[in-house]
Amino acid sequence: MDGLISVQTAPFPAFSPLTIGPHRIAAPVVLAPMAGITDAPVRRMALRYGAGLTVSEMVASEALLTGHAEMTLRAESAGVDIHAVQLAGNEPHWMAEAARLAEASGASIIDINMGCPAKRVTTGAAGAALLRDLPLATRILEAVRAAVSVPVTLKTRLGWDGAEMAAPEIARRAEAIGIAMVTIHGRTRCQFYTGTADWAAIRAVKEAVSIPVIANGDLTQTHDAAAMLAASGSDGVMIGRGAQGRPWFPGAVAEHWKTGHAPADPDLAEQRDVLLELYDGWLALYGVELGLRQARKHVGWALEAAAASAGAAPQIAKDARGRILTLEAPDAVIAGIRTFYDQLAWRAAA
């Protein structure tokens, strides 16, 4: 990874809260917005374990304005103190109107997505496609900032491809408009999620602006955060895939940064209880039929995380996934989860 400072030579910088408009974020560690993943139960659990801030799943602006049920659910207040809603779109007027609606529905922060690499988003000239049209990106930032009284933040990538890194310029424009914070995923759009995130390239954004800059990409172990911060010079970190199946992980990163000591994963009994509570939350949020489907990926990730923390062979989690994720009755799924954790604990104690 270009410019990456090794863990051994990268002490943590001073631990400082983030300021986003009137909001004081106690821990500068953010759970990333991930479509289909960071729903309300997951965000609440991450906050309980010490994440400083969580951001909603991406909300399509025009779908929100037409009353699309899923988008409306994503934008509604999730029962957290600071509810950040991420909006995506390519039309300044409708992005502004969606921001107004999200604010009226309880949003404390509006985050603008200019980094999603998915083809279904970029073919509509939204997400990371806006890195190729900075005038349009600027108009969107201006329209949203003018539409709401709450702080507006931006999440984007280094650039569309390696030929031109647009992130420093778009960050400068954002700061001039009054955007309160910028998050940079250390990849280009054309990389999608392949290769490794270039944390050092984020430093050019940090040097271009005075507002907080958050580094994102490939943070999967608590000790990696020091290297990420040293390479990027960022004010905080955002964690995406590293938190899948591990909602406690952002809080663990915050604890390591604050105290210098990396906490162990919760024990297996606690991990089981976290998953069961989340499972109840998904069924309550989506209803039984959809909740069963929505929960499957989370259950799979949680089983893998549990096996890893217990030092068990990955095949054990793989076998359990095959059994549990094909079950159709909630009670059977719950029983299967309990059995897996009991057996894993027995193996660990043997």
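# A guided look at the helices

Guide: Start with helix α9, residues 224-232. Eight of its nine residues are buried, so α9 is largely enclosed by the rest of the structure. Keep in mind that this is a predicted model.

Visitor: What makes a residue of α9 count as buried, and which residues of α9 are buried?

Guide: Buried means under 20% relative accessible area. In α9 that holds for D224, A225, A226, A227, M228, L229, A231 and S232.

Visitor: Why is R120 called exposed?

Guide: The cut-off for exposed is over 50% relative accessible area. R120 has 64% relative accessibility, so R120 counts as exposed. R120 sits in helix α5, residues 119-122.

Visitor: Why are α11 and α12 called roughly antiparallel?

Guide: Take the angle. The axes of α11 (residues 268-286) and α12 (residues 288-309) cross at roughly 165 degrees. Angles over 145 count as roughly antiparallel. The two helices are therefore roughly antiparallel to each other. Their axes come within 8 Å, and the crossing is right-handed.

Visitor: Which residues make the contact between α11 and α12?

Guide: From α11, they include L268, L275, Y279 and W282. From α12, they include V288, L292, H298 and A302. The residues of this contact divide into 14 nonpolar, five polar and no charged.

Visitor: How do α1 and α11 cross, and is the crossing left-handed or right-handed?

Guide: The axes of α1 (residues 40-48) and α11 come within 9 Å and cross at roughly 145 degrees. α1 passes α11 in a right-handed crossing. On the α1 side are A40, P41, V42, M45 and R48. They meet V274, E277, L278, G281, W282 and L285 in α11. Eight of the contact residues are nonpolar, one is polar and two are charged.

Visitor: How confident is the predictor in the protein chain, and where does pLDDT stay under 50?

Guide: The mean pLDDT of the chain is 94, and 97% of its residues reach 70 or more. Residues 1-8 stay under 50. For that stretch, the model has 17 contacts beyond four places in sequence.

Technical notes. Residues numbered from 1 in each chain as written. Predicted model: local features only at pLDDT ≥ 70, side-chain atom pairs only at ≥ 80, totals over all residues. Heavy atoms only, no water. Buried < 20%, exposed > 50% of the residue type's maximum accessible area, 1.4 Å probe, protein only. Helix = DSSP H or I, 4+ residues; strand = E, 2+ residues; numbered from the N terminus. pLDDT = per-residue confidence, 0-100. Contact = heavy atoms within 4.5 Å. Axes fitted to C-alpha atoms, helices over the stretch in contact; angles between N-to-C directions. Parallel < 35°, antiparallel > 145°, perpendicular 65-115°, else oblique. Left-handed = near helix turned anticlockwise from the far one by under 90°. Nonpolar A, V, L, I, M, F, W, Y, C, P; charged D, E, K, R; others polar.
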